[in-house]
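Colleague: I'd like to learn how to read a protein model. Could you take me through one, feature by feature?

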Amino acid sequence: MLSRNIRYACRRYSHAVTFRTTESSPTQQTDNQFGLFYTVNKDLCKQLYGHGGLPKSYMKQSKTFAETAIMVRRPALDIINCIKATDLNKPAIRYVLYGEDGTGKSMTIAHLLHYAFEEGYLIVHVPWVSDWLRRVLRHKEMANSLTREGLVDLPLDAAAWLLHFKTQNQHLLKSPEFIVSKEYVWSKREKTEAGAPLHELVELGIARVKYACDVVDAIVNEVKLLSNSKKCKTFVAVDGYNGFFNPLTRLKTPTKKKVAPEEVTLTTSILELTKNDWTNAVMVLSADSIANPDDDTKNYLPQHLLYRKGFDHLDPFVPVKVDRYTDREFLTCANYYRDRLWIRGPLDMETELKLTSACNPFKFMEQCAPL
Amino acid sequence: MPVSKYFSSSLHSVYNKNARQYSSSHKNTTNAHDINDQFTDWETLNKKKSISKPMKAYLERAREHDDFMKKQQIEYNIGKRHLTNMMGEDPETFTQRDVDRAIEYLFPSGIYDPAARPLMKPPEEVFPARKAAEFDEAGRPHHFLFYTGKPNFFQLLFDAAEHLENLHKFEDKVLRNKAIPEQKSKLDLSSGVWVSKDQLEIMLVETISDLEYDNFKLVMERLVSTPYSYRCIDFIEKFRKPLASQKFALEIPKPSFDEEGRAYITTYECLRKKARGDVTIHSPGTGKIIINGKDITYFEDIQSREQVIFPLIFTGLQNRVDVECNIEGGGPSGQAGAIRWGIAWGLRSFVDKSMLESMQVAGLLTRDHRRRERKKPGQPGARKKPTWKRR
């Protein structure tokens, strides 16, 4: 029995290269950890990515592997270094991630979320914009906005997002500094007074779904004010940001009128948030061609994906390209899969996989799945 | 013109020679002198005894055949002399190869099948061998297996069994340390195959059934599988045909060199289905693949990518050459197939001979000539028929 275990272990680690780092805090990660996997704590994972944030296929895989291991990659390291070197008193800097499909933009955002969490940022994270604007179930809850004329509310989506916001920042929201600056009147009976804690506002949005969109708007304003007054620093992450600038969404009003993205209240709130007229904040946005499915030109450059409108809205920003795996990253990834017994067999398999997947992380993951 | 007599389209076979050898070893031949030497002298016996009727008929036929062959031989020789004169060469050194060349020169033929082109061969190659007398003048067969109907075939099996028995005996001896086997490795039969049924029939001058041919192969396989089978290699080799080593249709081109001193070779006309393109291979490279200005992501699906990289992985050159292709027309699978062939064809210049042969065996150097089949009127597809309905 023992000898079998030893044999098993020997075979498993016989050709292993270092592929894992024990440095599980992104704040401490440096170039030494480049290309290595680190494991995210399970509870933290649930808190940060519980309501979205990790790609679905990756979630499936991490469930199989019984751990969430994220590779430390160049764009994330670069942005972390930039954030460390930034003077937060200056207007917020916006980083726009771009790159081909499946190169790891969402994973970079997930990694940065972990960093922001460790650093004590207030996290405002939109997991996937197209979930709001393009994903239409049989009955998408829609309502005309009560407060803003001509706009459309997505109350359920907004409430779900508020829950996400609450779980991600549950420890911060408890602190007494987070209070509402002015009085919000929702109806004759319901109102939030100035000086009430912020989490009360969030709870109200979750409980009274009718006002969720307005609560989101209020929270955006409050977060901006709190940041400006140096009570907190804010980390904004929006995946698939270019979804806000598509010509049309797939939503339709009850009168069958097609809705443009700017006619949705959530869009206006998030766009308000991503202006750089406030300080003490970092924004990481991603421009993804998947969020722009009507366009089949395969062009992944932000200028093309954001359209003129979005480009002007974001200008100036720092573009960060997320590239395919380098040789070293590929090797560590393959070794990780081997360690998880996800791929087995002769070592020449890797060369073939490398060529067929063209070092694209998603393709590689996809191709290894049935092996 | 005596030559024209030999423009026969009858099939000739190189195995005829073998056939004669084999059958002569079994004392069967048409040559009258041999018969006189080996068999009973029928002329002297004729005076004393009466000849049986079948023998008489046979002798008549044999004489006719011999006369015919003699005549043919004379005509062939005359024709050859004429050819020598026409070509203006020395008759002493004019061989059969020269005859073939002269015929090809004098009678150029566009006929597709080589067997149907004009030829002039010695008569023994043109006219099939015939069985010699199998019985003496008294009507008694020479061969002890005559009444099997296929004496040569069963003689062959008989011989094989005898060899097998000898080998077993030898093996026993070796086991008892009474004999020492030669230090020779096992018989290597990878370079050939057993003669086909048709060839064996020509060798034996007898027709055999499929079952009998299978039995022949079975016996020979058993003979080969014994440990000291090399001792009867002469017997085995008689029934083996060497695998024709594949000749590559074109000689392998030498690569040219660009200004950086890198060897490169371009294969034009890489075709598959409707795709047309060209492939350039640069020899010291890093494994870059460029297809119409993009990398391998030009192909979306994995199958096409596999097609493209297969020759590189097969030869193990995936990190040592750069590939550049221009391809147009057709769909992804056609384009990938065309590129695959182009890469393999270009890689011939950069691999050694054994690899070349294994590439050939792997089918990398074979063009795929299949095209889309046309749709037929009255049915929904090329082969698809309408759903059958009773009424």
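Colleague: Let me start with one residue: is E203(A) buried, partly exposed or exposed?

Modeller: The general idea is a set of cut-offs: buried means under 20% relative accessible area, exposed means over 50%, and partly exposed is in between (1.4 Å probe, protein chains only). At 35% relative accessibility, E203(A) counts as partly exposed. Before we go on, keep in mind that this is a predicted model, where local features need pLDDT of at least 70 and side-chain atom pairs count only at pLDDT 80 or more, while totals for chains, interfaces and linings use all residues. As for bookkeeping, residues are numbered from 1 along each chain as its sequence is written, chains are lettered from A and ligands numbered from 1 in the order in which they are written, and side-chain values use heavy atoms, with hydrogens and water left out.

Colleague: Got it. Which residue forms a salt bridge with E203(A)?

Modeller: First the rule: a salt bridge is a side-chain nitrogen of Lys or Arg within 4 Å of a carboxyl oxygen of Asp or Glu. Here E203(A) pairs with K166(A), and their closest N and O atoms are 3.3 Å apart. The pair links distant parts of the chain, with E203(A) in helix α9 and K166(A) in helix α7 of chain A, 37 residues apart. K166(A) is partly exposed too, at 26% relative accessibility.

Colleague: You mention helices by number. How many helices and strands are there in chain A?

Modeller: Helices (H or I, at least four residues) and strands (E, at least two) are DSSP runs, numbered from the N terminus. Chain A has 16 helices and 11 strands. Of its 371 residues, 54% are buried.

Colleague: Back to α9 of chain A, then. Which of its residues are buried?

Modeller: A handy general idea: an α-helix has 3.6 residues a turn, so residues three or four places apart point the same way. In α9 (residues 198-207) of chain A, the buried ones are L198(A), L201(A), V202(A), L204(A) and G205(A). Looking down the axis of α9(A), you'd find them within an arc of 160°, so they line one face of the helix. That arc is taken from the directions from the helix axis to the C-beta atoms.

Colleague: And what covers those buried residues of α9(A)?

Modeller: Contact means heavy atoms within 4.5 Å. The cover includes α7 (155-168), α8 (170-173), β8 (191-192) and α10 (212-228) of chain A. D217(A) sits in α10, while R148(A) is in the loop between β5 (143-144) and β6 (152-153) of chain A, 69 residues away.

Colleague: How should I read a residue in a loop? Where does T249(A) lie?

Modeller: T249(A) lies in the loop between β9 (234-238) and α11 (265-273) of chain A. At 6% relative accessibility, T249(A) counts as buried. Next, look for polar contacts: pairs of N or O atoms within 3.5 Å, where, within protein, one must be able to donate a hydrogen and the other to accept it, and residues adjacent in sequence count only if both atoms are side-chain atoms. The T249(A) side chain reaches the backbone oxygen of V259(A) at 2.7 Å, and a polar atom of that side chain lies 3.2 Å from the backbone nitrogen of L251(A). Leaving aside neighbours within four places in sequence, T249(A) is in contact with L133(A), V259(A), A260(A) and P261(A).

Colleague: Last one: how many residues of chain B are in contact with chain A?

Modeller: 10 residues of chain B are in contact with 10 residues of chain A. Buried area is the accessible area (1.4 Å probe) that two parts lose on being put together, summed over both. Between these chains that is about 980 Å², with carbon and sulfur atoms giving 57%. The rule finds 1 salt bridge across the interface, where the side chains of D295(B) and R324(A) meet at 2.7 Å, N to O.
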